[in-house]
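Biologist: Could you walk me through reading a model like this one? I'd like the general idea each time, then the case at hand.

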Amino acid sequence: DQMSFEDLEIIIDGNGTQEIHFAKDGTLMVVGSGSFDNDPQDLGVATGKLLRVNPNGSIPKNNPFLPNPDALPEIYTLGHRDISGFDTHPVTGEVWISEHGPRGGDELNIIRPGGNYGWKVISYGTEYSGDQIGDGTGVRDGMRQPAYFWRPGITPSGLLFYTGEMFPEWEGSVFVSGLSGAHMTRLVIKEDRVVAEERLLVDRNDRIREIRMAPDGGLYVLTNEPSGTPPGTAELLRISRPEPGSDSTRD
């Protein structure tokens, strides 16, 4: 219809950004992506970092690396491989992320200012060649541990804290969609610890791309190339309570 955007303003340029999320304080969290050849431990490059800026592109005055003249001022955390999902904890206001590992070692992480999440020094996965990551350990002083990890991996994509009314038994659960895992994971959280995992939609064997909560508390689930469909096909599923007289929990 010959419609167009007007009055656009570029606030971050050249960092290969791929995911964004507004934090509870109104700042914008941006994934610094790009070439895996750059060092995710190098504070002079955006690769492997979570960046934090104000919505107008300015740098928040409390960014953790702002006093370091050798660091990009927008860096908030470092040592990430491939952040894929974001959500904000409904009680603490902390940002949680899902993150692709290499061969295994997919992670659920709680973002803390200035945190180093270890890539490419420590990991619970291995290189696709089978070689170890770093010295082959998953722990090192000064580097944060994931809240949860998957081995073998599930290739996480979307992330969602459930806060709806339709399924009160899910209140506070974390949902993570899985591509190679071909399911949706529900994680039960107790004081920042994962105490149980439930896998949903396993019978469909679909790559799950994304999850969103509907206003009524139902879930919308986006699949990616379901079995038997042409390449590039997606389906939008809805999960809800059954209507009176129905024996199905899935619309």
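**Cavities, strands and salt bridges**

Modeller: Let's start with a lining: by class, the second largest cavity is lined by four nonpolar, three polar and two charged residues. The classes go like this: Ala, Val, Leu, Ile, Met, Phe, Trp, Tyr, Cys and Pro are nonpolar, Asp, Glu, Lys and Arg are charged, and the others, Gly among them, are polar. Bear in mind that this is a predicted model, where local features need pLDDT of at least 70 and side-chain atom pairs count only at pLDDT 80 or more, while totals for chains, interfaces and linings use all residues. Residues are numbered from 1 along each chain as its sequence is written, and side-chain values use heavy atoms, with hydrogens and water left out.

Biologist: What counts as a cavity, and which residues line the second largest cavity?

Modeller: On a 1 Å grid over the protein atoms alone, a cavity is a set of points where a 1.4 Å probe fits but cannot get out, and lining residues have an atom within 4 Å of a point. For the second largest cavity, the lining is Glu107, Tyr117, Ile122, Ser123, Tyr124, Gly138, Arg144, Gln145 and Pro146.

Biologist: How many cavities of 30 Å³ or more are there?

Modeller: Two. Volume here is the space filled by probe spheres set on the points, with grid points joined across faces, edges and corners. The largest cavity holds about 80 Å³. It has 13 lining residues, and Arg81, Glu99, Glu107, Trp119 and Ser123 are the closest to its centre. Sorted by class, that lining has four nonpolar, six polar and three charged residues. The second largest cavity holds about 30 Å³.

Biologist: On to sheets. How do strands pair in general?

Modeller: Strands of a sheet pair through backbone hydrogen bonds, either parallel or antiparallel. Strands are DSSP runs (E, at least two residues), numbered from the N terminus, and two of them pair if DSSP finds at least two bridges between them. In this model, four strands make an open sheet in the order S5-S6-S7-S8, with antiparallel pairing. S5 (83-88) and S8 (148-150) are the edge strands, each pairing on one side only.

Biologist: How many bridges join S5 and S6?

Modeller: Five, in the antiparallel sense, with S6 covering residues 95-99. Look for isoleucine 83, which stands opposite glutamate 99 in S6.

Biologist: And salt bridges: how many does the structure hold?

Modeller: The rule is a side-chain nitrogen of Lys or Arg within 4 Å of a carboxyl oxygen of Asp or Glu. By that rule there are 12. One of them joins arginine 52 and aspartate 25, at 2.8 Å from N to O. Arginine 52 sits in strand S3 (residues 49-53) and aspartate 25 in the loop between strand S1 (20-22) and strand S2 (28-32), so the pair ties together parts 27 residues apart in sequence.

Biologist: Is arginine 52 buried or exposed?

Modeller: Buried, with a relative accessible area of 4%. The cut-offs are under 20% for buried, over 50% for exposed and partly exposed in between (1.4 Å probe, protein chains only).

Biologist: Which residue does arginine 112 bridge to?

Modeller: Aspartate 192, with the closest N and O atoms 3.3 Å apart. Arginine 112 lies in the loop between strand S7 (106-110) and S8, and aspartate 192 in the loop between strand S11 (183-190) and strand S12 (193-200), so this pair ties together parts that are 80 residues apart in sequence. Arginine 112 is partly exposed at 25%, and aspartate 192 is partly exposed at 26%. A network of salt bridges links Glu94, Arg112 and Asp192.

Terms used
1 Å grid on protein atoms, 1.4 Å probe; cavity = no way out; pocket = protein on both sides within 12 Å on 5 of 7 lines; lining within 4 Å.
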